[in-house]
Amino acid sequence: MIDAGSDRPLLEIGDLDVFYGDFQALFSVSMSLTRGGATALVGANGAGKTTLLRTIAGARAVASGFIRYDGSDITATPPHRRISRGIALVPEGRKLFPSLTVEENIQVGAAARASDAWPLDRIYTTFPMIAQRRRQRAFTLSGGEQQAVAIARALASGPSLLLLDEISLGLAPLVVGELYETLAGLRAAGATLVIVEQDLRRAMDTCDHLVCLLEGRVALAGPVAAVSRDEVVAAYFGEGARD
């Protein structure tokens, strides 16, 4: 079991197997997340990162193994009940409703689980890049603005665990920097983060724990301070594994 800290984990995953039809995507994946921590989930395309996030969020069924959240087994809990428990996913590609306005997209998240902690005024203060665009339709926004709306939509449900899939993909470095500054603020406010990130430097600079997947298996895991970039690169390409 991978331990992200000494406190009781917010999330525990044990021996998780996940399939797409006859194709097995995850093999005996185990990990734990301490409340308030930030975990970078890295690996090559097809390693199983998105599958793992979707499984935690309830969008993929578990073939075997377990998922425990805040001490309760949620392995068979449907997605909408996981949202109400405080788990939110920011999917790869944003998945906004293009014909809806910025504010309407955010309110979709609030409809799933309205949160007093994240009213609209706080969301707009946190994301000033979209505050002036609240009446614009999503398809008119830049990539960075769309990503901010996707994160804001997740925050509207008041999550304790925020799963972020490839939020920096295709964005300008300046915009990525702004988004990561926002994530640092969310973490300081007590959120637990899992970030799928291709930029190893940013992942290791931002997070305190790292998990590298290789062909659906955990190839490397540990505190960022205890692993080197060379070890991560080796695990990424299957040149060595260490737990």
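Just after helix H9, Gly 238 takes a positive phi of about 75°. The structure is a predicted model, in which local features need pLDDT of at least 70 and side-chain atom pairs count only at pLDDT 80 or more, whereas totals for chains, interfaces and linings use all residues. Residues are numbered from 1 along each chain as its sequence is written, and side-chain values use heavy atoms, with hydrogens and water left out.

Helix H9 spans residues 229-236, and its buried residues are Val 232, Ala 234, Ala 235 and Tyr 236; helices (H or I, at least four residues) and strands (E, at least two) are DSSP runs, numbered from the N terminus, and buried means under 20% relative accessible area, exposed over 50%, and partly exposed in between (1.4 Å probe, protein chains only). These buried residues pack against strand E3 (38-42), helix H8 (200-206), strand E9 (209-214) and strand E10 (217-223), where contact means heavy atoms within 4.5 Å.

The largest pocket has a volume of about 540 Å³. On a 1 Å grid over the protein atoms alone, a pocket is an open set of points where a 1.4 Å probe fits, with protein on both sides within 12 Å along at least five of seven lines, and lining residues have an atom within 4 Å of a point; grid points are joined across faces, edges and corners, and the volume is the space filled by probe spheres set on the points. Its lining comprises 21 residues, of which Ile 83, Ala 88, Leu 89, Pro 91 and Arg 153 lie nearest the centre. Two or more lining residues come from each of helix H1 (49-57), helix H2 (79-85), strand E6 (87-90), helix H3 (102-112) and helix H6 (143-155).

The structure holds six salt bridges, each a side-chain nitrogen of Lys or Arg within 4 Å of a carboxyl oxygen of Asp or Glu. In one of them, the closest N and O atoms of Asp 70 and Arg 35 are 2.8 Å apart. Asp 70 lies in the loop between strand E4 (64-69) and strand E5 (72-73) and Arg 35 in the loop between strand E2 (23-34) and E3, so the pair ties together parts that are 35 residues apart in sequence. Glu 103 forms a salt bridge with Arg 135, with the closest N and O atoms 3.3 Å apart. Glu 103 counts as buried at 11% relative accessibility, whereas Arg 135 is exposed, with a relative accessible area of 61%.
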